Amino acid sequence: MQEKSVSEAIYFRRSVRIYDPTKLIETEKVKKCINQAMLSPSSSNMQLWEFHHIISEDFKNKISKYCFNQPAAKTAKQLVVVVVRRDLWRNRLSSNIRNIKSTFSKTEKIESSKQEKKALYYYQKLVPLIYSDFIGIKGFFKKIYVKIFGIFKPMYQEVSSGDVRVITHKSAALAAQSFMISMAAIGYDTCPMEGFDSKRIKKQLNLPSASEISMIIGCGIRKNNGVYGERFRVPSSETYHVH
Ligand SMILES: Cc1cc2nc3c(=O)[nH]c(=O)nc-3n(C[C@H](O)[C@H](O)[C@H](O)COP(=O)(O)O)c2cc1C
């Protein structure tokens, strides 16, 4: 079957709450969609996400129980748990630095050495400034600094611990959407969920307490009554603004 175009996939995607028990989905195809999700942009290319692909029936039932057995989880054939791993920032930072060094080692030009210095400065000095924090104390002082010096010149404002949390969740949510659109392109249905007991699910997945669950995505093929009603959107006059 031919894949849907981006527009077709976007229109096809609905949050499906009831999946057809008789229609199977292929694990490899779902895995391919997860790999496509990993091609999503992420803040500073930090890729502070993880995708836990739940394929075993037994495991799925356990996770579903912690999603309060809502139909989108209970009837799903598989689940994908999108996890935010802010705690891995040093590790991802090192990967980016290694990548910069290896990329620039292949080129000799003087111009590229300037670019390398700039890129290394960004990852070695600026990114740690944003991510490093000690129980929010450093973030508090960073915020005060920004508030004072931001009066005199434009400054990056998102420096507190809470801001970093938003930064990491934004990127994970983009990846979740890429995953759902990739699934829609091959006629597979999904439902993003945030109604779950994150503490119990983290324990079930052996995740550290510093990790956070962005979303759990139910996957399967829709039943006729699997979509609850017509798509509803407020008028774009309320949400679209031209300047
Ligand atoms: C972050 C997020 C969390 C959501 N959580 C749930 C959920 O826990 N259970 C559920 O049935 N739907 C959940 N939804 C689905 C929304 O209700 C749904 O996207 C919205 O009603 C629009 O419908 P549509 O996706 O079919 O266009 C969630 C959606 C998002 C983006």
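This is a predicted model: local features need pLDDT of at least 70, side-chain atom pairs count only at pLDDT 80 or more; totals for chains, interfaces and linings use all residues.

Student: Okay, let me try that. Is Lys138 buried, exposed or partly exposed?

Tutor: Its relative accessible area is 43%, so Lys138 falls in the partly exposed class. You'll find Lys138 in helix H7, which covers residues 137-149. Setting aside neighbours within four places in sequence, Lys138 is in contact with Ser132 and Asp133.

Student: What about distance along the chain and distance in space? How far apart are Lys138 and Ser160 in each?

Tutor: They are 22 residues apart in sequence, and their C-alpha atoms are 7.9 Å apart in space. Now try another pair: Ile18 and Leu39 are 21 residues apart along the chain, and 29 Å separates their C-alpha atoms. Ile18 sits in the loop between helix H1 (6-12) and H2. Not counting residues up to four places away in sequence, Ile18 touches Thr75, Arg222, Lys223, Asn225, Gly226 and Tyr228.

Student: Let me zoom out. How many helices and strands does the protein chain have?

Tutor: There are 10 helices and four strands. Going along the sequence, the pattern reads α-α-β-α-α-β-α-α-α-α-β-α-β-α. As for overall extent, the C-alpha trace spans about 60 × 45 × 40 Å along its principal axes.

Student: And how much of the chain is buried?

Tutor: Buried residues account for 40% of the 243 residues.

Student: Next, the inside. What should I look for in a nonpolar core?

Tutor: Look for buried nonpolar residues joined through side-chain atoms within 4.5 Å. Here the largest core has 22 residues, and Val30, Phe51, Val80, Phe179 and Ile217 have the most contacts inside it.

Student: Which elements give two or more residues to that core?

Tutor: Helix H2 (27-37), strand S1 (49-54), strand S2 (78-84), helix H8 (161-185) and strand S4 (212-220) do. H8 gives the most, with six residues. A separate core has 20 residues, including Ile54, Cys67, Cys191 and Ile201.

Student: How do contacts across the whole chain look?

Tutor: Among contacts between residues at least 6 apart in sequence, 78% join residues at least 24 apart.

Student: I saw some cysteines. How many disulfides are there?

Tutor: A search of the whole structure finds zero. For a disulfide, two cysteine sulfur atoms must be within 2.5 Å. The closest cysteine sulfur to that of Cys33 is in Cys219, 8.6 Å away, so they are too far for a bond. For Cys191 the closest cysteine sulfur is also in Cys219, at 10.0 Å, again too far for a bond. Cys33 is buried at 3% relative accessibility, and Cys191 is buried at 2%.

Student: One more feature: backbone angles. Where should I look for a positive phi?

Tutor: Check Ser44, which has a positive phi of about 55 degrees although it is not a glycine. Ser44 lies in the loop between H2 and S1, and its relative accessible area of 18% makes it buried. Phe68 is not a glycine either, and it has a positive phi of about 60 degrees.

Student: Is Phe68 buried or exposed?

Tutor: Phe68 counts as exposed, at 56% relative accessibility. Its place is in the loop between helix H3 (57-66) and helix H4 (71-74).

Note on methods: Residues are numbered from 1 along each chain as its sequence is written. Side-chain values use heavy atoms; hydrogens and water are left out. Buried means under 20% relative accessible area, exposed over 50%, partly exposed in between (1.4 Å probe, protein chains only). Contact means heavy atoms within 4.5 Å.
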